[in-house]
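I opened this chain to look up its fold, its contacts and its backbone angles. My notes are below.

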Amino acid sequence: MPETTVANALRRPRVPRNTAPAPADPGTGEAGGGDIDTSYLESLLGYNARRAALSVITIFLQRMAPYGLRPVDFSVLTLIAHNPGITSRQICSALDILPPNLVGMVKHLQKRELIERRAHPTDRRAQGLHLTPSGKKLQQDAQATATSLEQGVTHALTPAELKTLIQLLKKVYRG
């Protein structure tokens, strides 16, 4: 018999999954039928932000697949495109990425010949990151795709509503 550890004790008991939806109880409207009350969840900023993000990210992943870019790769390339010579430290700060995580990303983007390191003009210890010509092309194409995607997923908002939404979200994450 396996030894019980804290991790094992905290796990949910394994129950065989029933893949068929449960029939609704006509008296309560629970399980497979009736409306589900999500009003409390829908009153939470985090819930709504996550649902909106999932909607956008799902489409983003599909549209960026031809470029071989994940959201974070796109963000890094875009920062480099708009800030030639940016340092890894600056990227980590801007995107809230841990330095060890960025190291692998930068190596991968270099291996794909999308970015290159150059000596920083004022800090001998730092290297600036720059897009290669193929990196510029890929980033420009991906940025055009992202712009189109954003227009598509925000079609229900007026330009003023979109501007307000972005301003309010920035207030939340910038504190």
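These entries go from the whole chain to single residues.

**Ground rules.** I am working on a predicted model, where local features need pLDDT of at least 70, side-chain atom pairs count only at pLDDT 80 or more, and totals for chains, interfaces and linings use all residues. Residues are numbered from 1 along each chain as its sequence is written, and side-chain values use heavy atoms, with hydrogens and water left out.

**Whole chain.** I looked up the secondary structure and found eight helices and two strands. These are DSSP runs numbered from the N terminus: helices are H or I with at least four residues, strands are E with at least two. Along the sequence I read α-α-α-α-α-α-β-β-α-α. Of the 175 residues, 22% are buried. Buried means under 20% relative accessible area, exposed means over 50%, and partly exposed lies in between (1.4 Å probe, protein chains only). The chain exposes about 13500 Å², with 56% supplied by carbon and sulfur atoms. That area comes from the Shrake-Rupley method with a 1.4 Å probe. I then took the contacts with a separation of 6 or more: residues 24 or more positions apart account for 49% of them. Contact means heavy atoms within 4.5 Å.

**H3 against H7.** Helix H3 covers residues 45-64 and helix H7 covers residues 133-153. They pack at an angle of about 145 degrees, and their axes are 10 Å apart. Axes are lines fitted to C-alpha atoms, for helices over the stretch in contact; angles run from 0 to 180 degrees between N-to-C directions. From H3, the residues that meet H7 include Ile 59, Phe 60 and Met 64. Ala 142, Leu 149 and Val 153 are among those on the H7 side. By class I note eight nonpolar, two polar and two charged residues in this contact. Here Ala, Val, Leu, Ile, Met, Phe, Trp, Tyr, Cys and Pro count as nonpolar, Asp, Glu, Lys and Arg as charged, and the others, Gly among them, as polar.

**Ala 142.** Ala 142 is buried, with a relative accessible area of 0%. Leaving aside neighbours within four places in sequence, Ala 142 is in contact with Met 64, Tyr 67, Leu 69 and Phe 74. Its C-alpha atom is separated by 8.5 Å from that of Leu 69, 73 residues apart along the chain.

**Aromatic pair.** I searched for ring pairs (centres within 6.5 Å; planes under 30 degrees apart are stacked, over 60 edge-to-face, the rest tilted). The structure holds one. Phe 60 and Phe 74 pair edge-to-face, 5.6 Å centre to centre, with 70 degrees between the planes. Phe 60 sits in helix H3 and Phe 74 in helix H4, 14 residues apart.

**Thr 87.** This residue lies in the loop between helix H4 (71-82) and helix H5 (88-95). Is Thr 87 buried or exposed? Thr 87 counts as buried because its relative accessibility is 12%. Beyond four places in sequence, Thr 87 touches His 120, Ala 126 and Gln 127.

**Positive phi.** Most residues other than glycine have a negative phi. I list two positive cases. Asp 96 has phi near 55 degrees. Asp 96 is in the loop between H5 and helix H6 (99-111), and is exposed at 72% relative accessible area. Glu 113 has phi of about 60 degrees. Glu 113 is in the loop between H6 and strand E1 (115-119), and is exposed at 57%.

Technical notes
Rings of Phe, Tyr and Trp (its six-membered ring) pair if their centres lie within 6.5 Å; planes under 30 degrees apart count as stacked, over 60 as edge-to-face and the rest as tilted.
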